[in-house]
Amino acid sequence: MAAVGEPGVLTTARYGKDKVRVFRVVRDPESKVHDVVEYNVTVLVEGAIETSYTQADNTVVVATDSMKNITNYLAKVSPHVLDPARFALHLAAHLLARYAHVSAAFVTVEQLRWARIGAGSGSGEAAGHKHAFWRDGSENRFVEVEVARKRDGDGAVARVAGGLKDLLVLKSTGSAFENFVRDEYTTLAEVDDRIFSTSIDLRYTYGEVDVRLPRDEKGLVFGEQNLNKNEGEDVYAWEDAKVGALAREITLSVFAHDESASVQATLYKMAQRVLAENAGVETVRYALPNKHYIAVDMKYIGVDNTTPQNAEVFTGVDAPSGLITATISRR
């Protein structure tokens, strides 16, 4: 509430800890096999915290350093730490169970790609090395989780999104761009065969799911049993690892095999397939920036390197670049 004479009023407030770097090793004592994950975690909360802004009242503040410590502790004790969506749900639910004045928790987990050295790497170990890994490209997977108390105070609701970013792809043919608007501003030539390259960002969302908050003394016991569902109904957000893997596979397959008339048309086909093959996904959003490769003009030396059938030497151009985005929602 604004004090008398103040020109503004606090309408929203959210705070927390950003860029919490977590690296976790999970060791199987019998097989001696190790699994690893590396996360960048953001934890934010809302609730009865307005007086910390308006009255300098820190008694309602859970320190952001405490949020970092909670994140690290959950990474140690959570049985879900190897799955970013389940870990994020566990962390958000714990914050609400622990702090009664917190009404909503927002957890974003970005997962860096570590792959086991092994099959196909020349190591001679078909199943992969037990404890050696390599960084599998710059692409990152992410999940965004919001767990909010219901207004009637009976439980909470979770909203989950997943996706990937910086998936760099290229194909050297199978792409065209023709019949676009031509007027006095147009200098771009039409082309029926070109390099198509982009850095894919994908975000998809699930429907809401009811959540029963942990009820043990420390607010730590959490699992699929805490997600309310009807008999025979799947909680798709709990299976985000499978959904994300399939969405990635679909994205790559459509990109590779589509005879692309435009980035827009290929994007639309990707999204429709993600919706068609993932019943629990409600919306799909892609952002596809063009990574241009321009054929080098060699007319100065009498060589044709610009017609599509003869273009073989290109220069990569970072900027300016086209940016094509769209969200496709389930009917």
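The model described here is predicted: local features need pLDDT of at least 70, side-chain atom pairs count only at pLDDT 80 or more, and totals for chains, interfaces and linings use all residues. Residues are numbered from 1 along each chain as its sequence is written, and side-chain values use heavy atoms, with hydrogens and water left out.

Helices (H or I, at least four residues) and strands (E, at least two) are DSSP runs, numbered from the N terminus. Axes are lines fitted to C-alpha atoms, for helices over the stretch in contact, and angles run from 0 to 180 degrees between N-to-C directions.

| Helix pair | Angle | Axis distance |
|---|---|---|
| α2 (residues 64-77) and α3 (residues 84-98) | about 125° | 11 Å |
| α4 (residues 240-257) and α5 (residues 263-277) | about 145° | 9 Å |

Helices α2 and α3 are therefore oblique to each other. Their contact (heavy atoms within 4.5 Å) joins Ile70, Thr71, Leu74 and Ala75 of α2 to Phe87, His90, Leu91, His94 and Leu95 of α3.

In the second pair, residues of α4 including Leu246, Ile250 and Val254 meet residues of α5, among them Met270, Arg273 and Val274.

Strands pair if DSSP finds at least two bridges between them. Strand β4 (residues 133-149) pairs with β3 (residues 102-116) in the antiparallel sense over 12 bridges, and Thr108 has Glu144 in β4 as its bridge partner. Strand β4 also pairs with β5 (residues 156-171), antiparallel over 10 bridges. Here Val143 stands opposite Gly162 in β5. The hairpin of β4 and β5 has 6 residues between the strands, and in this hairpin Gly153 takes a positive phi near 80°.

Key
Parallel < 35°, antiparallel > 145°, perpendicular 65-115°, else oblique.
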